[in-house]
Amino acid sequence: MPDQQRRAQPDRDPDSAEPEAETDAERRRRRALFLRELTEARELRARVQPRRARAARMRQQMRMRTFRW
C-alpha cells in the first residue's frame with residue numbers, strides 16, 4: 001500500500017517550499033503526451049479486437065449521420 005501512495009504523488013523536491021505552480025507549457029506538454037498515449041492505446045485495441053473496433057466505427061458513423069448542425 002505505501003508504494004501506491006508514493007506512486008500517486010508527483011516527483012517533487014521535498015526541500016522546495018514553493019507552492020505547486022504549473023505553467024501552461026507544462027500542462028500542455030502533459031496533455032499532449034496523454035493524448036498521444038490515448039491514441040496509441042485505441043489503435044492497439046483496434047488491432048487486437050478488429051470486430052469490436054469495426055462495430056465502434058459503425059456506431060460512430062451512425063452518430064455523425066444523425067447529428068444535426
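User: Which residue forms a salt bridge with Glu22?

Analyst: This is a predicted model in which local features need pLDDT of at least 70, side-chain atom pairs count only at pLDDT 80 or more, and totals for chains, interfaces and linings use all residues. Residues are numbered from 1 along each chain as its sequence is written, and side-chain values use heavy atoms, with hydrogens and water left out. A salt bridge requires a side-chain nitrogen of Lys or Arg within 4 Å of a carboxyl oxygen of Asp or Glu. For Glu22 the closest N and O atoms are 2.7 Å apart, and the partner is Arg30.

User: Is Arg30 buried or exposed?

Analyst: Buried means under 20% relative accessible area, exposed over 50%, and partly exposed in between (1.4 Å probe, protein chains only). Glu22, at 41%, is partly exposed. Arg30 has 51% relative accessibility and therefore counts as exposed.

User: How many salt bridges does a search of the whole structure find?

Analyst: Side chains of opposite charge can pair when their charged atoms come close. Glu22 and Arg30 form such a pair. The number found in the whole structure is one.

User: What share of the residues of the chain counts as buried?

Analyst: The chain has 69 residues. By the limit of under 20% relative accessible area, the buried share is 1%.

User: What pattern does the chain follow along the sequence?

Analyst: Helices (H or I, at least four residues) and strands (E, at least two) are DSSP runs, numbered from the N terminus. The chain has three helices and zero strands. Read in order, the pattern is α-α-α.
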